[in-house]
Amino acid sequence: MPTHQSLSGATDDELLQRMVQTHPDRFGAPFWEFFTAEIAPALPPEPVVIDLGCGPGLLLRDFGARLARAALHGYDVTPAMIGYGRQLAFAGKHPTFAIHDVTRDPLPHAAGSVDLVSMSSVLHVVDQPLPVLAEISRVLAPAGLFLLNDWIRQPLSAYLAWRRDVLQESAADVNRRGFSLFPVHNKYTGDDWRWLLAEAGFTIKSETQLRTSHRIMVATRR
Ligand SMILES: C[S@@+](CC[C@H](N)C(=O)[O-])C[C@H]1O[C@@H](n2cnc3c(N)ncnc32)[C@H](O)[C@@H]1O
């Protein structure tokens, strides 16, 4: 399966650095307000939490700071990402990090045993999302939550302007990266994500859009 890196033309290390640098903006106060209102109250006191395609592990670190008694698990297909996560300091229990291709292998968790699966900017790169969603559904507890945070389609002009104005890319980079990544980042509309979740047997409990580029949906098994 082509990974995000190969699609973007960036090396693993470049993608890692980009994820680290953009993390504070992508997961700033509005995200945590949404998390506190819509997700944290629905979790048990000692939740099992997975970040699937966890990248550098920073979101797991931030979950750990808010869910002191959580058992955290980070999975990613890219060894450099897992290596970065393993050396982070964590407030509570240190997570388990493992190199894992979610399109190839089942998650190492029993059916119905996970309280929160988070997937941030990952599902859009997967060629066949339905088997991945089925695997997430398998591991989720009956009241478990799936937090999907992913790209939604924008007009080409808006997408290129966003890269220029928000990412502060040079005109050369906007042309190079912008055009090659447009089909990757603009694959699904909000309705496409809703359809996919329904098709995979999920019910959306809440959703929001905190940034032009991404939609956040919280879903449970139907
Ligand atoms: C855009 S990055 C997002 C990283 C992280 N979730 C974040 O928001 O900072 C996409 C991540 O998905 C991972 N990924 C892509 N395909 C994957 C797969 N089949 N299984 C597991 N991880 C995958 C990549 O290695 C990369 O770390």
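**Strands, loops and a ligand**

Author: Strands S5 (residues 140–151) and S7 pair in the antiparallel sense, over 6 bridges. This is a predicted model, where local features need pLDDT of at least 70, side-chain atom pairs count only at pLDDT 80 or more, and totals for chains, interfaces and linings use all residues. Residues are numbered from 1 along each chain as its sequence is written, and side-chain values use heavy atoms, with hydrogens and water left out.

Reader: What makes S5 and S7 a pair?

Author: Two strands pair if DSSP finds at least two bridges between them. S5 and S7 have 6, so they meet that rule. One of the partners is Asn149, which is bridged to Ile216 in S7. The strands themselves are DSSP runs of E, at least two residues long; helices are runs of H or I, at least four long; both are numbered from the N terminus.

Reader: How do you know that S6 pairs with S7?

Author: Strand S6 (residues 202–211) and S7 share 7 bridges, again antiparallel. Ser206 stands opposite Val218 in S7. A hairpin of 2 residues joins S6 to S7.

Reader: Why is S7 called largely enclosed by the rest of the structure?

Author: Count its buried residues: 7 of the 8 in S7 (residues 214–221). Buried means under 20% relative accessible area, exposed over 50%, and partly exposed in between (1.4 Å probe, protein chains only). With that count, S7 is largely enclosed.

Reader: What makes strand S2 mostly covered?

Author: In S2 (residues 71–76), 5 of the 6 residues are buried. S2 also has a partner: strand S1 (residues 48–52) runs parallel to S2, joined by 5 bridges. There, Val49 stands opposite Leu72.

Reader: Why is Gln154 called buried?

Author: Its relative accessible area is 6%. The limit is under 20%, so Gln154 qualifies. Gln154 sits in the loop between S5 and helix H7 (156–165). Beyond its neighbours within four places in sequence, Gln154 is in contact (heavy atoms within 4.5 Å) with residues including Tyr159, Trp162 and Phe182.

Reader: Is Ser121 buried or exposed, and what about Gln168?

Author: Ser121 has 17% relative accessible area, so it counts as buried. Gln168 is at 65%, so it counts as exposed. Both lie in loops: Ser121 between strand S4 (114–120) and helix H6 (129–139), Gln168 between H7 and helix H8 (171–185). Phi of Ser121 is near 60°, a positive value in a residue other than glycine. Phi of Gln168 is near 60° too, and Gln168 is not glycine either.

Reader: Which residues are closest to the ligand?

Author: The closest are Arg26, Gly53, Asp76, Thr78 and Asp101, among 20 residues that surround the ligand. A residue is near a molecule or strand if one of its heavy atoms lies within 4 Å of it. By class, the 20 surrounding residues are 8 nonpolar, 9 polar and 3 charged. Here Ala, Val, Leu, Ile, Met, Phe, Trp, Tyr, Cys and Pro count as nonpolar, Asp, Glu, Lys and Arg as charged, and the others, Gly among them, as polar.
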